[in-house]
Amino acid sequence: MADLFTPEITSTNAQPAIIDLGNGIFHIKRLAPSQLCLQQISEVTELAPFRQMMTPMGHTTQVSMSNCGPYGWVSDLSGYRYRATDPLTQKPWPNLPVEFLQIHKNACELTQLPTFTPDACLINRYHIGLTMGRHQDKDEKHKNWPIVSISLGLSAVFQIYPTQVNCTPINVLLEDGDVLILSGPARHYPHGVKPIKADLLQPKLLTRYNITLRRSQ
């Protein structure tokens, strides 16, 4: 597949494959249509541009972010939270694309999880060498709804830590078009992303995007 602003994007007709990793972790291969998702990201970020947010500790995030949907996840010196307006524009976040909602619905149905409508969609943009440190998703009002994420572009090794103390992580290789679900016990597991590596077979591919759908309220 190509980068966000590259006109030609290849796709595959292979059927999705579900990998049940236990404890509510589901890895679905080849579920998301890359070209369609990248086009939607482009449209969302025309209205809510990618930005690096400030953490409560006073550091700037490595990964650039944007949001769409009724609520967007934000970070600044005041803390982590969801808000209904973009701090840059003071306007509501762009609408959550129906294509993202359909992928979310398909993923829940394929894994026999109850379908629900997410109200927040965080879009992360990674360049080569960037990483996401170990953290938990705990800013949502109700923390038992599954988290569904869509990977696009460069591959990433997603690390899941089943316990709070030091442990060997579960490493999941997420490739273009893959979907990962954290549900049940795994919904509360710490997780992170190892540094993004270049693809030697696709030297013009420089970016990874991750679309994360949640119920925040």
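I take buried as under 20% relative accessible area, exposed as over 50%, and partly exposed as anything in between, using a 1.4 Å probe on protein chains only.

**Ground rules.** The model I'm reading is predicted, so I note that local features need pLDDT of at least 70 and side-chain atom pairs count only at pLDDT 80 or more, while totals for chains, interfaces and linings use all residues. I number residues from 1 along each chain as its sequence is written, and side-chain values use heavy atoms, with hydrogens and water left out.

**Entry 1: salt bridges.** I counted a salt bridge where a side-chain nitrogen of Lys or Arg sits within 4 Å of a carboxyl oxygen of Asp or Glu. That rule gives me 8 salt bridges.

I started with Lys-29 and Glu-175, whose closest N and O atoms are 2.6 Å apart. Lys-29 belongs to strand S2 (residues 25–29) and Glu-175 to the loop between strand S10 (170–174) and strand S11 (179–182), so this pair ties together parts 146 residues apart in sequence. My helices (H or I, at least four residues) and strands (E, at least two) are DSSP runs, numbered from the N terminus. Are the two partners buried or partly exposed? Lys-29 is buried at 13%, and Glu-175 is partly exposed at 34% relative accessibility.

Next I looked at Arg-81 and Asp-76, with closest N and O atoms 2.8 Å apart. Arg-81 is partly exposed at 29%, and Asp-76 is partly exposed at 26%.

Then I checked Arg-214, which meets Asp-137 in a salt bridge of 3.2 Å, N to O. Arg-214 lies in strand S13 (residues 207–214) and Asp-137 in the loop between strand S7 (132–135) and strand S8 (147–153), so the pair ties together parts 77 residues apart in sequence. Arg-214 is buried at 8%, and Asp-137 is buried at 11%. I also found a network of salt bridges linking Asp-137, Glu-140, Arg-187 and Arg-214.

**Entry 2: Arg-51.** Where does Arg-51 sit? I found Arg-51 in the loop between helix H1 (34–47) and strand S3 (64–68), and buried, with a relative accessible area of 11%. For polar contacts I wanted N or O atoms within 3.5 Å; within protein, one must be able to donate a hydrogen and the other to accept it, and residues adjacent in sequence count only if both atoms are side-chain atoms. The side chain of Arg-51 makes one with the side chain of Asp-86 at 3.0 Å. The Arg-51 side chain also reaches the backbone oxygen of Pro-49 at 2.7 Å. Leaving aside neighbours within four places in sequence, the residues in contact with Arg-51 (heavy atoms within 4.5 Å) include Val-63, Met-65, Leu-88 and Trp-93.

**Entry 3: helix H2.** Which residues of H2 are buried? I listed Phe-100, Ile-103, His-104, Ala-107 and Cys-108. Seen down the axis of H2, the buried residues fall within an arc of 135 degrees, so they line one face of the helix; the arc is taken from the directions from the helix axis to the C-beta atoms. An α-helix has 3.6 residues a turn, so residues three or four places apart point the same way. After H2 comes Gln-112, with a positive phi near 60 degrees.

**Entry 4: cores.** I used nonpolar core for a set of buried Ala, Val, Leu, Ile, Met, Phe, Trp, Tyr and Cys residues joined through side-chain atoms within 4.5 Å. The largest has 27 residues, of which Ile-41, Phe-100, Val-179 and Ile-211 touch the most other members. A second, separate core of 18 residues includes Tyr-126, Met-132, Leu-174 and Leu-205.
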